[in-house]
Amino acid sequence: MHLRDSHTRFAVKIVSLLILVYISFAFRGAEAAEGPSHSGSVFDLATPSIKRFTSSDGLPVNSVMTIERDARGFVWFGTQDGAAVYDGSSFRVVNMPNRAASNYIYDILAASDGSIWFGTNGGGVHRYRDGKWETHNKGTGLGSDEIRALLETKGPTGEPVIWVGRRDGLSKLENGKWVNFGKEEGLPDPRIRSLLLVETDDGEDEVWIGTYGGVAVWKGPTRTVHDVTSGLPGNTVFALARTSTIGGGQTIWAGTDKGLAAFENGGWKTFEADSKVFTRPVRALGRSAASDERETIWVGFDGAGLAFLDEAKWRFLDKDRGLPNNLVYAFAETGAPDGSVWISNLTAGVSRLQRSDWRTIAAENGLPNEIVFSIAEHDGSHFIGTYGGGLAVSDGGEWKIYRREDGLPSNFVQKIARVGERLLVGTEEGLAEFRSGSVSKIELPDAQGVFEIWDIEPSKTEEGAVWLGTSGGVVKLSGGRPVVFTDAEGLEDRRVRAVTEHVSKDGVSTLWVGTYSGGLARFKDGGWSKFDTSKGLPSSRVYSAEVLTVGGREQLWVGTGGGGIAVLDLGDEDSGFEILTAEGSGLIPSDTVYQIFTGPKGRIYATTNKGVARITPGGTEGFAGYRSYVFTTADGLPDNECVSGASFIDSEGRVWVGTVSGAAVLDTGSEYIDEKADPIYIRRVTVGGVERGPAGGMEIGYDENNLSFEFVMPSGFRESATQYRTQLVGLEAEPSAWSPDTRREFSFVPSGDFEFLVWARDSEGNISGPVGMSFVVYPAWWQTWWAIGLYFLATAALVALIAFLVYRNRYNRLLEIEKVRTRIASDLHDDVGASLSKISIISEMLAHDDRGREEEEKRSLLKIAATSREVVGSMGDMVWSINPSKDNLQDTVQRMRRFASDLLAPKDIAFRFDVPDTNRTVRMDVDLRRQLYLVFKEAVNNAAKYSECDRVTAELSLDGSSLLLKISDDGKGFDPATTDGGNGLSNMRMRMESVGGRLSIVSAEGSGTTIEAAAPLRR
């Protein structure tokens, strides 16, 4: 990281700029010459998770002088050019009401009544509440307008009292009146820099006042002064803070121009013996408390970073270990359960130190290479194997590097494991042992690829023995000659990535082996068996195979490349694998899973190429009751892409993970399972483009019913994982899906009574809410009940009249049409049919009389007779189709059945017709009935003529308001793509399209033919 110089962006007085330049140059030499000391712990070598916010994120400028968190969890930042408030989602700039007087803010106070007070450098004090401002300055009784510190106490009757530390004195606002104090009232120096309320054992409050002449303590009329003669390291007291001691007492902390001091048991204590850094000017003090009530004191130095006291041990941070610079000017609690804090780095914005997130060890912390393949612990040191940089060993707060020239077989270290008292190091070119600060190579069998070591597993059945997973198979090292298992011994794939040995409760040993492309192998009872995709494994690429005990049951968890996690119950292996994928389970971010292991709190960790999933078992619903949180770079991981096999739990219960950008360590001791969600707030409501709240009971006119709701849950802890769902009761039947969006818009809300509800779900799955806001949307005058009543009556009368006229007209027309159709059918049948039958009979008689006709003449007469009969048959179909008494499904079915039987029976073709079993008369209009019947005739006729089939099956079914006809044969079939089918098939399609239906043909050579016709059943 580097210091981002943004002085030129400040819109402040020229004096402020000169002061900042002086500070930067004054301490630059000191920073280079002396930095914070380190404890030597490998954990302290790591860079903590620090999230930085600057003017590009919404701050007015990057010089933040003060930070204050209000009762809602919103965080206020006072800068040298205005204020900003962070609600857990975004920043909003808040400028002072008189920017011309001053927009430079020295201190902010969140008062008990919900108001926010701002102390400015030249503009007095401003009180802000519910969008309204109230200004106090010299004209209203305040001693002066140059403010440095603010404090709230309680008066004798519990009323709030506001104290104001000025550049030239002290003021108190009580019962609406200002009282001003100076040296004559007991101040050692009128220049005030800090204020602190201390609650004493006797129930009376003390006000501690930090001045340029020491600390003044006011308790009622009693005035006491502490300065260098009392034990303070310096008389200029920039900051004051209070913490509780284990015995129920309290410690008062003072940050001075000459260092840090603590007041306990009536005396002052300094800390130069702990580090020379504590003699540097202290600009800021802060206190944070975790959910278990453990307190931390934070110390910000002017040019030397920060220090914090963690479990009686001082830890240090500076610009070389995560801070943007060493100018620390303010602290505030985040409200997170781990006691995290906000930090102001002057000229560099603010940072949020997230204590329970991951810390990073990378090149800047001493690693020779940032691709970390393995991590281990031995003899009080931590070992990190890198890909190309050799082996890094922690040694008293520094790293010692071992490479090929130091005895390593290769600088590519792929696995480190402790086996008894030995530490084995697996590399790309063989195995080595680390002992007493030196590395020695272990000779292995001379087999192809056996020297590339991927996994090392101590034997659970033979003391001192070890299993190796190599690119040339599985190797067992014991007292005798090494044993090698390759494909020659039954191992399907010799490229082994994971080895784990399981011993059942009855003492049976099983070796599970994960391979690069051959799935999972099991060695049991002297033989190998294989589990791959054909056996339920989701992928044949296995990166990890670990035996975990979950809920009292032993399970094999298998991490695969692209298939997610496969879980096998070792007490019931026949039940097969249960698969957990990213999309299916929601427990992991990716289906590429490198390593799976159990943490000290019973949680399961899975490293992937998209982060680390922390899975918390729970519930009785199996995996459906499990919860998961995915750690990413937002939580301090150096990179989301982890490395296969590079995970470890050290002796302190800390979780280590290797990534492509360094090693990451998570102190699970500072993790808190938060089971209580923070409150949720509706922060802004916009109606018709104008902000109106939030305020319940809004009344909205019909012409302003475009609404926007903004909401937030300021958790202060992994808020990027917070999700929301909403419901507008009265318009929506169900809540929306969970979403990270903090805004919901409604473009048109009808008139009525409504309630907007919002829920929030935090990173631990805790749900807050619902929080609601009710409102009413009034209708337009033409939408009122009386107007609607008139509309209804008028419309009803008009509709009734029109409907009656339309009905009468349609009824009369239908009667006329049915009469015409009946007359035409009767005439065709009686007159034309009789005449054609007569022609047929006469023609046949003439052909067979005894007049000695020529053969050709006889054939002509017989042809006339046959044609007449055919016309009579066709006319029968025509008569049937226009006869209104036949406009129903039952008559249509009977006609279809009769036609098919007459056609197919003589050809010895079996026929079956399945029709709906219904007792009601199903009406069909004449066009649908005719076209469907003709399609049926064409299909049956084609089957009889061309298919060479033995069976024809017809099915007629009703689906709601649709009719489906299906005709199938078991004939020779044809290829519809290469056969045009003549006019018959195209005519069938045209017939169905004419009634709004469709026709499909499915056929293939040797597979018969199926024709499906579907059409809406119109009445």
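Contact here means heavy atoms within 4.5 Å. The model is predicted: local features need pLDDT of at least 70, side-chain atom pairs count only at pLDDT 80 or more, and totals for chains, interfaces and linings use all residues. Residues are numbered from 1 along each chain as its sequence is written, and side-chain values use heavy atoms, with hydrogens and water left out.

**View 1. Val-940 and its contacts.** Leaving aside neighbours within four places in sequence, Val-940 is in contact with Phe-899, Ala-900, Leu-903, Leu-904 and Ile-967. Val-940 is also among the residues with the most contacts inside the largest nonpolar core, which has 38 residues. A nonpolar core is a set of buried Ala, Val, Leu, Ile, Met, Phe, Trp, Tyr and Cys residues joined through side-chain atoms within 4.5 Å. Buried means under 20% relative accessible area, exposed over 50%, partly exposed in between (1.4 Å probe, protein chains only). Helix α7 (926-946) is one of the elements that each supply at least two residues of this core. With nine residues, α7 gives the most. A second, separate core of 35 residues includes Phe-74, Leu-707, Phe-709 and Phe-746.

**View 2. Helix α6, residues 889-904.** Helices (H or I, at least four residues) and strands (E, at least two) are DSSP runs, numbered from the N terminus. The 16 residues of α6 reach 22 Å from first C-alpha to last, close to the 22 Å expected at 1.5 Å a residue. That expected span is 1.5 Å times one less than the number of residues. Buried residues of α6 include Leu-889, Val-893, Met-896 and Phe-899. Asn-888 caps the N-terminal end of α6, with a side-chain oxygen 3.2 Å from the backbone nitrogen of Gln-890.

**View 3. The β34-β35 hairpin.** Two strands pair if DSSP finds at least two bridges between them. Strand β34 pairs with β35 (residues 422-427) in the antiparallel sense over six bridges. Ala-417 stands opposite Leu-424 in β35. Two residues lie between the strands, and Gly-420 in the turn has a positive phi of about 65°. Six of the seven residues of β34 (residues 413-419) are buried, so this strand is largely enclosed by the rest of the structure.

**View 4. A four-stranded open sheet.** The order is β18-β19-β20-β21, with antiparallel pairing. β18 (237-244) and β21 (267-270) are the edge strands, each pairing on one side only. Strands β19 (residues 250-256) and β20 (residues 259-264) pair over five bridges. Trp-253 has Ala-262 in β20 as its bridge partner.

Note on methods:
A polar contact is a pair of N or O atoms within 3.5 Å; within protein, one must be able to donate a hydrogen and the other to accept it, and residues adjacent in sequence count only if both atoms are side-chain atoms.
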